[in-house]
Amino acid sequence: MSKIASYFQFKELGTSFKKESIAGITTFVAMSYILFLNPNVLAAAGMDKGAVFTASALAAATATLFMGIVAKYPIAIGPGLGVNAYFAYSVVIGMKVPWQTAIAGILVAALIFLALTLTHIREKIIDAIPYNLRVAIAAGIGLFIAFIGLHNAGLIIANSETMVAMGTLTKGTTLLAIFGIALTLILIVKKVPAAIFFGMVGTAVVGLIFKQIPMPTSIISAAPSLKPTFGQAWMHLGDINTFEMLIVSLTFLIVVFFDTAGTLIGLTEQAGLLDENGKMPRAGKALMADAVGMTVGATLGTSPTSAFVESSSGIAVGGRSGFASVITAGLFILALFFSPLLTVVTSQVTAPALIVVGIMMAGNLKKIKWEDMAIAAPAFLIVIGMPLTYSISDGIALGFIAYPVTMIAAKRGKEVNFLMYSLAVIFVAFLFYTHS
């Protein structure tokens, strides 16, 4: 045990086995919904639900374990939201590309991802991002996940006239989420250790008592077979032979690249793990974890993986080392055999955690130089863009495009890193392609 504590630097980080274990469990509980959501999304593309479930769990476990042991960060990785919808609805259904070819496109993006990471190009890009934009990314992610939480709770719904509106407050599941939010906030204000985790447990118990959450029909089940999807990406690599499919692969790459980069920056800022220069230590190893996850996921048969913003829940309860990720990875493996129990983790159970963590991450807003409009304007576009576009990548794009423009207008163009100019051009092309 002492060797584990020494390897993960518990003493230096001011943490312990208990804190890290609770953090790992909390992160898993907060993001376990993806094991059920992802198969449903990819099933629309014609993929086998059971195989996608198993592939998603194994890809998440592999990447998260790499993140924990090699990069030593309390950040979990799993099939990303948004990019899975792009895969199913835009590429397969919209462009009528067979899912086998589309998943080969993911593999191509993953292999490019590995190359960029091994050559440290990704790390250099992250280091080139100005500090104020980094903290804006963290704050934007906070607003984004709080918005997701409010929507999952049923407190915010779509409205054709006002775009969004207040939901029906008398609905049972919404009342359950409101109870969870109140419980979690009370526990946090009272400074109860692991308040977010216990808030989710309390919400689940109340949901079961009042029958707002279905009781699991069984406890243990065999892991579904990977046969329908395993290796299809490699078998169909030859299908990536058109300009259209090359663009699809590059789109996968860009979305995952900046979703992960933005999330890593935001989460390490939240955990206080950036160095004295505001940079992320071991960034290359953290990025490699995602590249490995994406490659393994494509091979097994699931959509691209990325760092999960729900890791902020584990960080919020004290997670500071890679041991938390090791715990999360282990739970993903266990989930293969205890999947019926995960049905109690509904969106109403995780909604309070997302909202509360969003509040915490929004605290990064105070670190932005609001008096400097050349910096404040792009930072604001990042912060507001993420929740309003429902995309971390699109929010980052808006700010990164605006940054060189405002800096040149302020006659400070020489302060802008060449990579930031390059990223602005790339994001202009990316936005016009993905939203044309």
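Arg 412 is partly exposed, with a relative accessible area of 21% (buried means under 20% relative accessible area, exposed over 50%, and partly exposed in between, with a 1.4 Å probe and protein chains only). The structure is a predicted model, in which local features need pLDDT of at least 70 and side-chain atom pairs count only at pLDDT 80 or more, while totals for chains, interfaces and linings use all residues. Residues are numbered from 1 along each chain as its sequence is written, and side-chain values use heavy atoms, with hydrogens and water left out.

A search of the whole structure finds 3 salt bridges, a salt bridge being a side-chain nitrogen of Lys or Arg within 4 Å of a carboxyl oxygen of Asp or Glu. In one of them, Arg 412 pairs with Asp 372, and the closest N and O atoms are 3.1 Å apart. This pair links distant parts of the chain, 40 residues apart, with Asp 372 in the loop between H17 and H18 and Arg 412 in the loop between helix H19 (392–409) and helix H20 (418–434) (helices are DSSP runs of H or I with at least four residues, numbered from the N terminus). Asp 372 counts as buried because its relative accessible area is 18%. Arg 412 also meets the side chain of Glu 415 in a salt bridge (3.5 Å, N to O), and the shared partners join Asp 372, Arg 412 and Glu 415 into one network. Glu 415 is exposed, with a relative accessible area of 52%.

A further salt bridge is formed by the side chains of Glu 269 and Lys 367 (2.5 Å, N to O); these residues lie 98 residues apart, Glu 269 in helix H13 (residues 243–271) and Lys 367 in the loop between helix H17 (347–361) and helix H18 (373–389). Glu 269 is buried at 10% relative accessible area, whereas Lys 367 is partly exposed at 34%.

Thr 328, found in helix H16 (residues 322–335), counts as buried because its relative accessibility is 2%. Residues up to four places away in sequence not being counted, Thr 328 touches Gly 24, Thr 27, Phe 28, Thr 64 and Ala 76, where contact means heavy atoms within 4.5 Å. Val 29 belongs to helix H3 (residues 17–31) and is likewise buried, at 17% relative accessibility; neighbours within four places in sequence aside, Val 29 is in contact with Met 200, Val 345 and Thr 350.

Ile 219, in the loop between helix H11 (195–209) and helix H12 (232–235), is exposed at 51% relative accessible area.

Notes:
Helices (H or I, at least four residues) and strands (E, at least two) are DSSP runs, numbered from the N terminus.
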